[in-house]
Protein chains: 2
Amino acid sequence: MTGVSQATVSLVLNGRADSDVRIAPETRDRVLEAIRSTGYVADPIARRLAARRNRILGVFTYEPVFPAGTGDFFHPFLVGIEEGAESLGCDLLLFTSASVVDGRRRIFHEDNRLRLADGCVLLGRSLDRDDLARLVAEEQPFVSVGRRDDAGGPVPYVGADYPVATVAIVERAVAVGHRTLAYVGQGDHPVGPAPQTGLDGQDRPAAPESHADRERGFRAAVAAVGATGIREPVEDRSPADLLDSLLARGVTVAFMEEYADGSAIASVARERGLDIPRDLSIVALGDPTRPAPSDVDFTMFRIPRRQMGWQAVEVLTRLIEGTPGPTQILLDCEQVEGTTLAPPR
Amino acid sequence: MTGVSQATVSLVLNGRADSDVRIAPETRDRVLEAIRSTGYVADPIARRLAARRNRILGVFTYEPVFPAGTGDFFHPFLVGIEEGAESLGCDLLLFTSASVVDGRRRIFHEDNRLRLADGCVLLGRSLDRDDLARLVAEEQPFVSVGRRDDAGGPVPYVGADYPVATVAIVERAVAVGHRTLAYVGQGDHPVGPAPQTGLDGQDRPAAPESHADRERGFRAAVAAVGATGIREPVEDRSPADLLDSLLARGVTVAFMEEYADGSAIASVARERGLDIPRDLSIVALGDPTRPAPSDVDFTMFRIPRRQMGWQAVEVLTRLIEGTPGPTQILLDCEQVEGTTLAPPR
DNA sequence: CGCCCTTGATAATTCGTATTAGCGTATTGA
DNA sequence: TCAATACGCTAATACGAATTATCAAGGGCG
């Protein structure tokens, strides 16, 4: 149309005006006009092949991105990720094609398509360590939402500062007079990343970092004030059983790793005519990750999920572009006053 | 590593075993072994450039994909789309980069990236007609979730059969004795796709197809049985005002285009000591698209949203691959008995 | 007139894969 | 006896843009 070469069109299209690339203004205008009138759009695929950027950010989740029936713990993260991508002019690629093995998606599999994206955001309570190690080893740009232990190298992440938030909330409990505190959560893992072997001799995965971080904060805070810290596992126990155990051991405040477990205990306690928080204070260490009734105004802290998603995208683009800056970020949680923490009787 | 050409690797990689492509089993094994040991994965981008498929399906929404508010009318569609994509081994590309003009995203804009995907699913209550027309004209493979009028050609869609569902529910009302029925919805559009001019002389967009279809069903059913059909617009009116008007006009059953408006009227009616459905039956024509209290067990029908999403992906892949089959599909809605429809006094 | 520099554009190459037309020999069928 | 075909593989090319080396024309200078 303009009697101009493909190279010239490319130069015009990209607004190149370096010292070593010159386009006569008149030619530029002719090309621009042709582009406008034909509605020509450069093929992004070919573009990516030639250049190295795609402006596509991958989102990998171990569960479906659009959960079918949950109380949407992950939703706010995704909102933040979308906001971040939108403000950067990036599209989001959901790896729904990742094949499912043993009930979870796998990042790496025959014909993995990670490289469709410039980089990748990883979402999930616990990430597969082998997958992580491989990402690190292959120098794929990626960011984890949620802190992760090293996997053959430092893992870039944007997480919530559970230790600090937990310490703060434990201190509140101690300040109002509690001396016997319980941490109620999955398993009874010593702190640390290494996989463990259970009594049955089978390998048991380490606690997810998010759980370990809470427990570490709990132990540190309890130790610092010289109070009594008790550990109660939740697996295979009814809320009633748990409640019995807590009361029998003289616990006056329970810190719930999982909000939903707190709801369950509160509900049982109320059925028995117990007074929450007079007879037992209950504190939730974060937002519910499972659907839970919201009729109780828990004393708790909130995970800054949206902000985490947003910042993850920020870190990712830094990694992609090689811009300097922190690649491991912990964000503060918001303390919620609530009504389930009061001085013990 | 194997002393074999790139072409051979490609053939092995794709498991080509046509009559005109032969690879010695031994060579094949050597190549496969090399692939396994190096962890080589073909670059999907280059792949796409050479072949014509990408196994990426685009998802375009006029609003954020992950809505900030809850209530989430669109969520089930996305669940269905994800399920469909997953079962087909496709990834989903969210066009979050689409720039926002006048509060909505635009499909076409400078540097649009539609072609990153093999095809595209469109989601939104009302789609921009110019965008649609252009998609049709450019022969971009796409599917709309929700029926759409022609836009310079037939628009592929997977929609809900609102006319049939509405007719059925109107007939239920007539069967129990109602003779004065009201359709309560936005505006007062004559049926038809053409844009209209309001009293103020300004262009007013046509009713979205989903609304027009309901109203058409309503009118047809009312006419068929010789009952009285009344039209009540909702804009700029309080629920109290609406309720007054309905009762004053002798309406015994109101068909609500929008669930949330039904909730509002029911709530006002209850405050006044009225009996729903004795004093006024209220029927919701579909699931809530805005957050609405769910304390009322409405007589209504449900939009098969998840199934629509799923089938949209099916139709889209048919279009992409040129497989014959219907490209305009209407799915049945599920009638819900509910408790807000009863014989009039 | 010869030389160099500036200007504006292009031919050629690159990215990593898929595809296709052959390569030369040995076997088969007519 | 000869054409056709099976055999396993590779060279060459296409895909659509970005990039680079290069070129031709024109102007200024000694």
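Ala, Val, Leu, Ile, Met, Phe, Trp, Tyr, Cys and Pro count as nonpolar, Asp, Glu, Lys and Arg as charged, and the others, Gly among them, as polar. This is a predicted model, in which local features need pLDDT of at least 70, side-chain atom pairs count only at pLDDT 80 or more, and totals for chains, interfaces and linings use all residues. Residues are numbered from 1 along each chain as its sequence is written, chains are lettered from A and ligands numbered from 1 in the order in which they are written, and side-chain values use heavy atoms, with hydrogens and water left out.

Select DNA strand D first. The surface near this strand (a heavy atom within 4 Å) has 13 nonpolar, 7 polar and 5 charged residues. Among the 25 residues around DNA strand D, the nearest are S10(A), Y40(A), T8(B), A24(B) and T27(B).

With 4 residues, α3(A) gives the most to the surface near DNA strand D.

Now show Q6(A): an N or O atom in its side chain is 3.1 Å from a base nitrogen of DNA strand D.

Finally, select T8(A), V9(A), V12(A) and L13(A) in α1(A); they meet T27(A), R28(A), V31(A), L32(A) and I35(A) in α2(A), with heavy atoms within 4.5 Å counting as contact. These residues divide into 6 nonpolar, 2 polar and 1 charged.

Notes: Helix = DSSP H or I, 4+ residues; strand = E, 2+ residues; numbered from the N terminus. Polar contact = N/O pair within 3.5 Å; in protein donor to acceptor, adjacent residues only side chain to side chain.
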